[in-house]
Amino acid sequence: MEKILEVKNISKIYSVGSLFSRIRITAVDNVSFYIKPAEIFTLAGESGCGKTTLSKIILGFEEPNYGEILYEGKSTKNIDRIEFMKKVQGVFQNPFESFNPLITIEDIFFETIYNFKLATNKNEAIKIIEEKLNAVGLSFDDIHNRYPNELSGGQLQRASIARSLLTNPSILIADEPVSMVDASLRMSIINLFSKLKNQIGLSVLYITHDLATAYYVGDRIAIMFRGNIVEMGPVNKVLLYPKHPYTQLLLESIPKADPEKKWRENVTIADIEYTEYLKEGCKFAGRCSFVRDICKKEKPKEIMIDDVLVRCHLYSENKTTISA
Ligand SMILES: Nc1ncnc2c1ncn2[C@@H]1O[C@H](COP(=O)(O)OP(=O)(O)OP(=O)(O)O)[C@@H](O)[C@H]1O
């Protein structure tokens, strides 16, 4: 099976706390997954589960303690940094932070073209910029002579996606790309990922805490909790028939259209982050309604059930174990 990007046994350990009470947390704990060409793969989980750390490691902004990233089967350590940056581009949460506020948007585009040597003259550069802006539903006139603060958040995020397309990447690493965009414009950006996937075969690693958009746009999904992938598989299977109690909890916290079905009020998300990171056994044990003695002592192994990987002791009997 073809893999465009592979995350292989990645671990990242941070020292946190004050000088007198430092602790070490494994923010990303032996995580592995791959992304196929023209696939939207979602990495989902609540704040502080390790999603951004993983995206920084993939983009080369952070070094992992263990593991490696492979692009088209080759370790990124053996790929020229510039060539890698052309093929694997990042799209970030706040488009206003992605652009220098003192430079016009077109100059920022020209700079990228110049830095990556994508054109030999200005006309050629404008042609490339126009093509990429058109792909995201903008035109050169929309950015001509304009500074970042003269565009709306939604337009600027589109412009930021157009800029990442300049180098003809194979994959975008999109970390919470719509969380700072007006709610009314979010779906148009999400739809844009689908369009780019279908039209130019782009892959997207879509990092989010929003399961509704993940369900709408994604092909496969990995649910992360305190540094571990606890469930991973096709979006329809994971989100319609969740196996892990944590996936079930996340889904219960999404508001339902059915007015008879009330929000669950006892969903607790996160203020016990470090305590959970330091837990032995299953990190979710403290919040799990199905907790057993073994959950507090032993880290569950990964098991495949009906195309879905799940890491939970509830399923550990009589099933195929993949890894520790
Ligand atoms: N540079 C750092 N130094 C120390 N701890 C860090 C650092 N970066 C992240 N962490 C810790 O690692 C854990 C995972 O953080 P990370 O930002 O990757 O999670 P996240 O799921 O992306 O959350 P968010 O959506 O809030 O960004 C958290 O407990 C965080 O406090």
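1. Which residues does UniProt list for "domain: ABC transporter"? The unreviewed entry in that record gives residues 5-251.

2. The model is predicted, and its confidence values should be kept in view. The protein chain has a mean pLDDT of 89, with 91% of its residues at 70 or more. Residues 257-271 have a pLDDT below 50; this stretch has twelve contacts in the model beyond near neighbours in sequence. Where pLDDT is low, the predicted coordinates should not be read in detail. For the complex, the predictor reports an ipTM of 0.94 and a pTM of 0.90.

3. The ligand is surrounded by 13 residues, of which Tyr14, Ala27, Ser47, Thr52 and Thr53 are the closest. Strand E1 (5-16), strand E2 (23-35) and helix H1 (51-59) are the elements that each contribute two or more residues to this shell. H1 supplies the largest share, three residues.

4. The largest nonpolar core contains 81 residues. Those touching the most other members are Ile171, Val204, Leu205, Tyr206, Ile221 and Ile223. Strand E2, already noted for its part in the ligand shell, gives this core its largest share, six residues.

5. Which residues does Val204 touch, leaving aside those up to four places away in sequence? They are Ile40, Ile171, Leu172, Ala174, Phe193 and Lys197.

Notes. Residues are numbered from 1 along each chain as its sequence is written. This is a predicted model: local features need pLDDT of at least 70, side-chain atom pairs count only at pLDDT 80 or more; totals for chains, interfaces and linings use all residues. A residue is near a molecule or strand if its C-beta atom, placed from the backbone, lies within 6 Å of it. Helices (H or I, at least four residues) and strands (E, at least two) are DSSP runs, numbered from the N terminus. UniProt positions are given in the numbering used here, feature names are shortened, and annotations may be inferred rather than shown by experiment. A nonpolar core is a set of buried Ala, Val, Leu, Ile, Met, Phe, Trp, Tyr and Cys residues joined through C-beta atoms within 7 Å. A residue is buried if 20 or more other C-beta atoms lie within 10 Å of its own, exposed if 12 or fewer, and partly exposed in between; C-beta atoms are placed from the backbone. Two residues are in contact if their C-beta atoms, placed from the backbone, lie within 7 Å. pLDDT is the predictor's confidence in each residue, from 0 to 100.
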